[in-house]
Amino acid sequence: MGSDYPHDEGTYPFTREHLRQVFAGVEPSLMRRLLAENAANLYGFDLDKLAPIAAEVGPTVEEIAEPLVGLPDNANEALRRGMAPASR
């Protein structure tokens, strides 16, 4: 028997901020592959048909590429742990 407790159940409502932490410094072309293109290729998704939905709900690669430089008010544990000690 094993356990992976404690762990975060998710990053909501700070998912966009968490993605900005995780992908800081990653080239936009690689980020695009990791966040959309690889899954689309694997499952046969048509990214052109999905583009209107993606534009509506986001986030965009440009948004995620913007480094997170500070924590929002009431940041959850996942977000606080992701910040470099010098940024806290």
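Is Gln21 buried or exposed, and at what relative accessibility? Gln21 counts as buried, because its relative accessibility is 15% and the limit for buried is under 20%. The model shown in these views is predicted.

**View 1. Gln21 in helix H1.** Gln21 is found in helix H1, which covers residues 15-22. Its relative accessibility of 15% makes it a buried residue. Neighbours within four places in sequence are left aside here. Beyond them, Gln21 is in contact with Leu68, Leu71, Ala78, Leu79, Gly82 and Met83.

View 2. Helix H2 (28-43) and helix H3 (47-57) are the elements that give two or more residues to it. H3 provides the largest share, four residues. Leu47 counts as partly exposed because its relative accessibility is 36%, between the limits of 20% and 50%.

**View 3. The salt bridge between Glu63 and Arg16.** A search of the whole structure finds three salt bridges. One of them joins the side chains of Glu63 and Arg16, at 2.8 Å from N to O. This pair links distant parts of the chain. Glu63 sits in helix H4 (residues 61-65), Arg16 sits in helix H1, and 47 residues separate them. Glu63 has a relative accessible area of 30%, so it is partly exposed. Arg16 is partly exposed too, with a relative accessible area of 34%.

View 4. Side chains of opposite charge can pair when their charged atoms come close. Here Glu77, Arg80 and Arg81 are linked in a network of salt bridges. Arg80 bonds to Glu77 in a salt bridge whose closest N and O atoms are 2.7 Å apart. The side chains of Glu77 and Arg81 meet in a salt bridge at 3.7 Å, N to O.

Why are Arg80 and Glu77 separated by about one helical turn? The two are three residues apart in helix H5 (residues 77-82), so about one helical turn lies between them. Glu77 and Arg81 are four residues apart in helix H5, and therefore also separated by about one helical turn.

The three residues of the network are Glu77, Arg80 and Arg81. Arg80 counts as partly exposed because its relative accessibility is 37%. Glu77 counts as partly exposed at 37% relative accessibility. Arg81 has a relative accessible area of 48%, so it is partly exposed.

**View 5. Thr11 in the segment before H1.** Thr11 has its place in the segment before H1. At 18% relative accessibility, Thr11 counts as buried, because the limit is under 20%. A polar contact of 3.0 Å joins the side chains of Thr11 and Thr15. Neighbours within four places in sequence are again set aside for the contact list. The contacts of Thr11 are then His18, Asn76 and Ala78. How far apart are Thr11 and Glu77 in sequence and in space? They are 66 residues apart in sequence and 8.6 Å apart in space, C-alpha to C-alpha. Glu77 is also part of the salt-bridge network with Arg80 and Arg81.

Definitions and conventions
Residues are numbered from 1 along each chain as its sequence is written. This is a predicted model: local features need pLDDT of at least 70, side-chain atom pairs count only at pLDDT 80 or more; totals for chains, interfaces and linings use all residues. Side-chain values use heavy atoms; hydrogens and water are left out. Buried means under 20% relative accessible area, exposed over 50%, partly exposed in between (1.4 Å probe, protein chains only). Contact means heavy atoms within 4.5 Å. A salt bridge is a side-chain nitrogen of Lys or Arg within 4 Å of a carboxyl oxygen of Asp or Glu. A polar contact is a pair of N or O atoms within 3.5 Å; within protein, one must be able to donate a hydrogen and the other to accept it, and residues adjacent in sequence count only if both atoms are side-chain atoms.
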